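Work through the following exercises with the sequence and the coordinates at hand. Each task is followed by a stepwise solution.

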Amino acid sequence: MPIRPTSTSPAAATAPVSQRAVNAFSALLESRTGQQISAYRSWRIDTALKPLMRARGLDTLDQLAAALLETGDRYLSDQIVDALLNGETSFFREAPVFDLIVEAVAGLETRQRRVRIWCAGCSTGQEPLSLAMLFAERAEERGTPMPDIVATDVSEAALARTRAGRYTQFEIQRGLPIRRMMRWFDAVGNDWAAKHELLRAMTVRSHNLAADAPLPGMFDIVLCRNVLLYLDPQTKTEVFARFAAALRPGGLLVLGAGETVIGQTDAFAPSRDLRGLYERVDGATGAAAG
């Protein structure tokens with residue numbers, strides 16, 4: 001029988017979280033995803049986990065940590081990891097980046113093969129759907145082929161939402177112009193659902209950047225934005241190597257605005273033609289890709 005939520009007492013609401021609880025949650029996230037919660041971001045534990053705590057009828061985060069440590073409940077650990085992951089995203093986030101990707105794909109289309117794009121750490125799907133919209137519109141206007149878009153994430157909850165392509169009114173308005181919203185989404189109650197032709201344009205898969213081998217096949221472009229920020233230096237180096245192994249020679253890596261390859265890997269260098277993107281260095285094989 002599920003535990004009924006209870007009202008949290010004022011004393012419990014203000015009770016400090018023990019270091020044991022913080023360590024338990026941080027260790028779980030790092031072991032499952034490679035992501036770290038730094039000291040200055042420890043406030044996220046309290047903010048992210050309180051809804052789960054309340055849903056389970058627990059008064060404190062220490063009780064939630066005890067349930068995690070004492071029961072080994074896999075479903076609970078999945079819920080905690082999903083809650084702690086930073087799933088911040090929106091449609092056409094950092095819009096100029098998408099213009100660069102379109103330009104890059106246009107240059108690759110002359111090679112007489114289908115362009116492949118990997119959206120790593122896709123969260124709830126707004127990034128790969130933004131790409132699908134751009135290239136579907138381009139296909140309608142110019143008759144150009146659709147790229148093969150593969151979207152991955154470590155969170156099964158995020159992947160379920162990506163596959164469903166269903167968003168709240170607040171989510172749909174973040175970065176998505178009305179014209180595109182009306183063209184590519186249908187109103188379903190209070191939500192908006194992506195049209196099936198858009199969802200069919202992408203493949204959605206579970207993938208752990210910190211632990212899994214690169215996806216099969218070779219890609220022309222990898223997008224991994226605002227994920228590496230949360231990885232330790234060693235894990236970050238290994239992820240760069242896996243991306244290099246997954247990319248064709250000269251393939252492009254797209255990072256977030258606050259991320260760079262400079263001083264962190266020899267597998268990539270700033271693109272000579274597309275400022276802000278990074279090229280796989282000839283000869284880079286991704287030695288840590290396995």
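The exercises below treat a core, a helix and a cavity.

The model is predicted: local features need pLDDT of at least 70, side-chain atom pairs count only at pLDDT 80 or more, and totals for chains, interfaces and linings use all residues. Residues are numbered from 1 along each chain as its sequence is written, and side-chain values use heavy atoms, with hydrogens and water left out.

**Exercise 1.** Identify which members of the largest nonpolar core touch the most other members.

*Solution.* Step 1: a nonpolar core is a set of buried Ala, Val, Leu, Ile, Met, Phe, Trp, Tyr and Cys residues joined through side-chain atoms within 4.5 Å; buried means under 20% relative accessible area (1.4 Å probe, protein chains only). Step 2: the largest such core has 42 residues, and Ile 101 and Phe 185 touch the most other members. Step 3: leaving aside residues up to four places away in sequence, Ile 101 touches Ile 117, Leu 131, Phe 135, Ile 221, Leu 223 and Val 254 (contact: heavy atoms within 4.5 Å).

**Exercise 2.** Determine which residues of helix H8 are buried.

*Solution.* Step 1: H8, a DSSP run (H or I, at least four residues), spans residues 156–164, where Ala 158, Leu 159 and Thr 162 are buried. Step 2: these residues lie on the same side of H8 because they cover an arc of only 100° around the axis, taken from the directions from the helix axis to the C-beta atoms. Step 3: the buried residues of H8 pack against strand S2 (148–153), helix H11 (196–199) and strand S6 (202–206); strands are DSSP runs (E, at least two residues). Step 4: just after H8, Gly 165 has a positive phi of about 60°.

**Exercise 3.** State which classes of residue line the largest cavity.

*Solution.* Step 1: a cavity is a set of points on a 1 Å grid over the protein atoms alone where a 1.4 Å probe fits but cannot get out; lining residues have an atom within 4 Å of a point. Step 2: the lining of the largest cavity has 5 nonpolar, no polar and 3 charged residues, with Pro counted as nonpolar and Glu and Arg as charged.

Technical notes. Buried < 20%, exposed > 50% of the residue type's maximum accessible area, 1.4 Å probe, protein only.
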